[in-house]
Protein chains: 2
Amino acid sequence: MIRRAVPALTMLTLCAASAAAADKPATPVAVVAAARASEWREIAADDLLVMTIEGGRRVVIQLAPAFSPTHVGNMRTLAKAHWWDGTSINRVQDNYVVQWGDVTEKKPMPPGLSPTSSADYVQPIANRRLRVTPLPYPDPYAPSTGFVAGWPVAMDGDGVWLPHCYGFVGVGRNNSPDAGTGAELYAVIGQAPRQLDRNIAVVGRVIEGMAHLSSLPRGSGELGFYTEAEHKVPIVSVRLASDMPAAERPRFQVMNTEANSEWNSFTHYLRLRANRKDDFYDRPAGGVDLCNAPVPVRPVP
Amino acid sequence: MIRRAVPALTMLTLCAASAAAADKPATPVAVVAAARASEWREIAADDLLVMTIEGGRRVVIQLAPAFSPTHVGNMRTLAKAHWWDGTSINRVQDNYVVQWGDVTEKKPMPPGLSPTSSADYVQPIANRRLRVTPLPYPDPYAPSTGFVAGWPVAMDGDGVWLPHCYGFVGVGRNNSPDAGTGAELYAVIGQAPRQLDRNIAVVGRVIEGMAHLSSLPRGSGELGFYTEAEHKVPIVSVRLASDMPAAERPRFQVMNTEANSEWNSFTHYLRLRANRKDDFYDRPAGGVDLCNAPVPVRPVP
């Protein structure tokens with residue numbers, strides 16, 4: 001069904017492009033640009049965490065309450081309490097993570113945080129009525145992968161979980177069985193460390209300002225922690241978009257990943273990510289990694 | 001055979017560690033630290049490219065002549081001609097590449113460069129007498145993967161090629177059939193863009209100073225190129241280690257990847273990368289991505 005849909009989609013995509021581009025094979029970027037307005041869904045303001053760091057640099061994180069409800073609940077509580085204001089980015093380890101939170105480990109927690117456990121790492125299949133768009137390529141870390149409600153997912157017979165892709169945000173913790181509160185966070189800045197999947201709660205992804213994190217100086221201490229002599233990057237504020245004045249709220253859309261319509265730009269995009277063939281690419285790979293087909297996200301036009 | 005070797009190796013590794021550590025499960029880091037001296041091989045000085053950028057920051061690249069002989073030959077010619085001196089880093093695209101070379105595209109090439117072609121992207125199986133240590137996990141981009149002579153490789157029935165992993169260096173080019181000379185180079189700074197495999201020549205990997213590239217400010221121009229208003233990072237010099245005074249040469253060792261000895265730290269390391277289980281990890285993945293099991297490299301002790 002996916003295969004049959006491609007010629008029609010290609011034609012329609014090309015019709016939407018300029019005459020000059022009509023000679024060229026479709027690219028993932030062109031398919032996304034040509035997607036219909038109805039193929040985008042606005043992200044709820046309650047699912048956007050806006051972090052402002054030193055110099056007014058803004059990082060926006062989309063939360064994933066459907067996959068990590070307890071941790072995301074805690075993060076909303078922490079944001080409403082302005083708990084992260086005055087904390088800092090304390091660790092930057094190359095090809096791994098940028099980590100932030102309370103370096104003193106003494107800042108009192110606000111009331112109302114829920115206890116977490118390793119059961120929160122995987123959502124049981126039985127609890128879900130979500131539709132999966134499969135990614136039909138092998139994965140070294142999970143029996144199957146795909147996309148659910150705008151998120152990449154890995155799956156086995158028991159459940160579904162978010163993968164540690166570039167830009168994804170996880171919850172720092174001490175040794176197991178500790179599962180972290182959601183106060184100590186990190187973002188992936190290198191090759192997807194999928195070995196962390198199901199060992200740590202993934203709570204969202206950076207959708208704006210990723211370069212403000214990934215280009216930070218690496219820490220010279222153990223595990224990339226900044227030493228006393230190095231500059232920890234101050235966090236000015238962290239707010240839910242829903243708690244910001246309407247005029248200041250960032251607004252984003254995510255592309256629909258459900259393969260349930262005749263017109264489906266996302267599955268076309270996936271096919272092209274897996275089979276690049278244009279003026280630059282001679283040899284299509286015939287596959288794509290779960291973390292190398294990011295779900296398109298854009299500011300509300 | 002790999003399986004049987006593990007208990008003995010674990011025991012020996014633990015014997016080499018401290019008494020306090022003897023209670024803990026082996027980790028990849030501990031296995032590498034405990035490898036015998038005979039399991040390391042020094043990298044030839046002719047295979048080390050030493051790039052010094054602004055501020056005296058040093059980046060060392062290990063060349064892969066066995067996989068890209070023509071391009072690597074050209075790079076040695078360019079280094080001997082001091083061709084890169086005075087060029088610059090011109091592009092930094094987040095989660096993709098850092099690229100350097102002659103931004104004017106007018107600098108005359110030295111004599112002696114060999115023509116390249118897309119045939120250089122893959123080494124035919126028939127030409128190789130190299131031993132492959134297989135990585136027994138599925139890969140979305142190739143029928144099989146493994147390690148050859150200290151390098152990760154992807155393979156099909158026809159040939160073998162180097163993958164675009166984090167820190168790997170490829171040859172910039174124009175549209176196909178152009179295959180690049182080796183003068184315009186980039187290093188991967190994000191999720192492995194494996195769709196480029198077999199479409200571009202991979203010529204080596206960064207083995208020291210990667211953070212000097214990955215933490216550079218991202219360019220605001222198209223594809224992450226620095227605009228006129230942004231600072232291109234000057235390249236002071238690029239030399240083969242073999243052309244440097246002996247006292248100044250960096251020296252590195254790479255771990256043997258051949259699984260042909262009874263004592264084999266590398267296969268043990270691979271197993272642990274795929275099956276993390278210690279105080280921090282509760283759920284071993286049971287697999288690991290080709291680009292997430294970097295071959296250990298270290299300065300000569």
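These legends describe close-up views of a predicted model. Local features need pLDDT of at least 70, side-chain atom pairs count only at pLDDT 80 or more, and totals for chains, interfaces and linings use all residues. Residues are numbered from 1 along each chain as its sequence is written, and chains are lettered from A in the order in which they are written.

**View 1. The contact between chain A and chain B.** Here 39 residues of chain A meet 39 residues of chain B; contact means C-beta atoms, placed from the backbone, within 7 Å. The chain A side has 16 nonpolar, 12 polar and 11 charged residues. Nonpolar covers Ala, Val, Leu, Ile, Met, Phe, Trp, Tyr, Cys and Pro; charged covers Asp, Glu, Lys and Arg; the others, Gly among them, are polar.

**View 2. Strand E13 of chain B and its partners.** Strands (E, at least two residues) and helices (H or I, at least four) are DSSP runs, numbered from the N terminus. Buried means 20 or more other C-beta atoms within 10 Å of a residue's own, C-beta atoms being placed from the backbone. E3(B), residues 57-63, runs antiparallel to E13(B), with 4 bridges. Gln62(B) has Arg205(B) as its bridge partner. E11(B), residues 168-171, is also antiparallel to E13(B), with 3 bridges. Gly170(B) stands opposite Val202(B). Strands pair if DSSP finds at least two bridges between them.

**View 3. Helix H3 of chain B, residues 69-80.** Buried residues of H3(B) include His71(B), Met75(B) and Leu78(B). The buried residues of H3(B) pack against strands E2, E3, E11, E13 and E14 of chain B. His82(B) follows H3(B), with a positive phi near 55°.

Conventions:
Two residues are in contact if their C-beta atoms, placed from the backbone, lie within 7 Å. The expected span of a helix is 1.5 Å times one less than its number of residues. A residue is buried if 20 or more other C-beta atoms lie within 10 Å of its own, exposed if 12 or fewer, and partly exposed in between; C-beta atoms are placed from the backbone.
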